[in-house]
Amino acid sequence: MLTTRFPDGAPNWIDLGSPDLAASLAFYGGLFGWQPAPAGPETGGYVLLQLDGRTVAGAMALDPERGRAGWTVYFRCADALGTAEAAGAAHGTVVFWPTELLGLGRVAGLKDRAGAAFRVWQPDPVEGLDAATEPGALCWVELHTPDVAAAAAFYHRVLGVQTSGVDFPGGVYTSLYPGGADEDAMFGGVVPTFGDPAGTAPSWLPYFGTDDTDALVARAEELGGSVRLPATSVPGVGRLARLADPHGYEFAVIKGDPAQEAQDASPA
């Protein structure tokens with residue numbers, strides 16, 4: 001799962017673009033207990049979403065006709081310009097070139113060769129989120145794409161990300177981990193959109209941690225969200241569900257398998 005060490009190639013930020021920011025803050029606040037903290041007038045209304053004073057996500061008002069609304073995953077990089085150039089060379093799209101952001105770092109907007117949008121963040125000096133892999137915080141990211149092999153090659157070339165096949169009931173899951181790290185540093189996976197029950201377009205799906213998947217699914221429905229994949233237990237992984245907020249923006253939640261977590265934490 002994710003950590004806040006943020007090696008190059010790993011997710012280090014996530015934010016939500018919403019056509020009704022107040023409604024989104026109410027939904028996610030009721031679901032995860034996130035508290036909004038304005039980032040300052042110079043940010044154009046950007047809001048930090050916090051748990052116990054620690055930032056776990058960001059959010060902003062966004063007109064869907066002028067930009068991509070929904071959740072956007074950011075990946076750490078040492079050189080935003082070089083990464084954007086690599087994305088273009090790998091048949092991706094540079095949505096916007098690296099921009100200095102308020103003395104905090106450099107950000108670029110990209111799409112992979114299948115059209116899945118993501119951003120890269122070059123820290124200077126802000127590294128990323130304050131919390132990861134705990135209830136209410138980002139713990140996993142998953143790319144839904146029509147061509148797993150092509151996606152793996154793209155992100156390896158652009159972000160240096162490595163892949164590994166993990167056996168699960170029903171097939172093999174393609175996991176992702178930073179270049180130069182071992183497989184214990186897995187932060188996400190890649191799955192084919194073919195046969196996807198939600199009919200997902202190429203996109204990154206964020207997973208947030210929870211200590212009770214079923215209760216959180218019920219709460220999401222009470223708050224006006226919808227269920228795209230009911231709470232499901234996956235041996236060795238945990239109990240997960242795929243949801244959408246009242247605007248239809250998708251995310252997933254997961255409670256890790258205690259047996260697997262204990263195994264991961266044990267000495268080698």
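Ala-244 is buried in the predicted model, with a relative accessibility of 0%. This residue belongs to strand E15, which covers residues 238-244. Apart from neighbours within four places in sequence, Ala-244 is in contact with Phe-27, Gly-225, Ser-226, Arg-228, Tyr-249, Glu-250 and Phe-251. Pro-36 stands 208 residues from Ala-244 along the chain, and the C-alpha atoms of the two residues are separated by 20 Å.

Strand E15 also contains Arg-239, whose side chain meets that of Asp-214 in a salt bridge with an N to O distance of 2.6 Å. Asp-214 lies in helix H4 (residues 213-222), so the pair ties together parts that are 25 residues apart in sequence. Asp-214 is partly exposed, at 38% relative accessible area, and Arg-239 is likewise classed as partly exposed, at 27%.

Salt bridges that share partners join Asp-8, Arg-76 and Glu-127 into one network. Glu-127 is partly exposed, with 34% relative accessibility, while Arg-76 is buried, with a relative accessible area of 17%.

In the whole structure, seven salt bridges are found.

The loop between strand E8 (117-123) and strand E9 (138-145) also holds Pro-125. The peptide bond that leads from Asp-124 to Pro-125 is cis, with omega near 10 degrees.

Two residues of strand E9 were examined individually. One of them, Cys-139, is found in this strand and is buried, with a relative accessible area of 3%. Residues up to four places away in sequence being set aside, Cys-139 touches Met-1, Leu-2, Thr-133, Tyr-207, Phe-208, Gly-209 and Ile-254. The C-alpha atom of Cys-139 is separated by 22 Å from that of His-247, a residue 108 places away along the chain.

Glu-142 also lies in strand E9. Glu-142 is buried yet has no salt bridge, and the nearest side chain of opposite charge, that of Arg-242, is 5.7 Å away. A polar contact of 2.6 Å does, however, join the side chain of Glu-142 to that of Tyr-173. Beyond residues up to four places away in sequence, Glu-142 touches Tyr-173, Gly-189, Val-191, Ser-203, Trp-204, Leu-205 and Tyr-207.

Backbone geometry was also considered at two further positions. Phe-6 has a positive phi of about 50 degrees although it is not a glycine. Phe-6 is placed in the segment before strand E1 (11-18) and counts as buried, at 5% relative accessibility. His-91, also not a glycine, has a positive phi of about 70 degrees. His-91 is situated in the loop between helix H2 (80-89) and strand E6 (93-101). In contrast to the buried Phe-6, His-91 counts as exposed, at 58% relative accessibility.

Technical notes:
Residues numbered from 1 in each chain as written. Predicted model: local features only at pLDDT ≥ 70, side-chain atom pairs only at ≥ 80, totals over all residues. Heavy atoms only, no water. Helix = DSSP H or I, 4+ residues; strand = E, 2+ residues; numbered from the N terminus. Buried < 20%, exposed > 50% of the residue type's maximum accessible area, 1.4 Å probe, protein only. Lys, Arg positive; Asp, Glu negative; His and termini not counted. Salt bridge = Lys/Arg side-chain N within 4 Å of Asp/Glu carboxyl O. Polar contact = N/O pair within 3.5 Å; in protein donor to acceptor, adjacent residues only side chain to side chain. Contact = heavy atoms within 4.5 Å.
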